[in-house]
Amino acid sequence: MSDAAEGSSPAAPIPPDPAVPSSRAGTRPAAAPTGAPLHRERLLPGIGTWIVIIAVGAMCGVVLVPLGATLALVVGIVGIVVAVVLGVLTAPVVEVSGGRLRAGRAQIEVGLLGTPEELEGEDWQRTMGVGFEPLAFHLTRGWIRSGLRAEVLDEGDPTTAWVVSTRRPEDLALALRSA
């Protein structure tokens, strides 16, 4: 089946390069899809939170033990499944795509952000403690011990910076620089 029949455009011809082997000369490599995110991360809860989530789901079944063990077991299993699904679905997503940084439901144009600063260890603790900026936008999670800070360059925006939790600050910073 041809590329045109599949709905994609064929590779554009380019002049052959003597340094490139002849099997690759004359075609451009396929570009990444325009809608593909440069960085995407779901900020799932830590192990302690998962233990609490499972315990809360199991409690739904424990409450029903006086009515019957089978009913309690079924309701407990359903409660655990529902609690885990809710834990995953309510975890915010941090994504860089289409020239925008999305953190949960908030978003900002990458061009309005300054140079991203990767924060780990003591730097992250200082930013979340004595260096806390009340006017900055924060999407932070206590179980994640690293993040990123980027100053907002828009003079008309009262928000001073974006501070976002991430388990991969280097990847998020690279995505912001690339966007």
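The model is predicted, so to speak for local features a pLDDT of at least 70 is needed, side-chain atom pairs count only at pLDDT 80 or more, and totals for chains, interfaces and linings use all residues. Residues are numbered from 1 along each chain as its sequence is written, and side-chain values use heavy atoms, with hydrogens and water left out.

Side chains of opposite charge can pair when their charged atoms come close. Seven salt bridges turn up here (a side-chain nitrogen of Lys or Arg within 4 Å of a carboxyl oxygen of Asp or Glu). One of them pairs R126 with D123, with 3.0 Å between the closest N and O atoms. Both residues belong to helix α4 (residues 122-128) and are three residues apart, about one turn of the helix; helices (H or I, at least four residues) and strands (E, at least two) are DSSP runs, numbered from the N terminus. R126 is partly exposed at 42% relative accessible area, and D123 is partly exposed too, at 35% (buried is under 20% relative accessible area, exposed over 50%, partly exposed in between, with a 1.4 Å probe and protein chains only).

Elsewhere, shared partners tie R40, E95 and R102 into one network of salt bridges. E95 meets R40 at 3.8 Å, N to O. This pair links distant parts of the chain, as E95 is in strand β2 (residues 93-97) and R40 in strand β1 (residues 39-42), 55 residues apart. E95 also meets R102, at 3.9 Å, N to O. E95 is buried, with 16% relative accessibility, whereas R40 is partly exposed at 45% and R102 is partly exposed at 26%.
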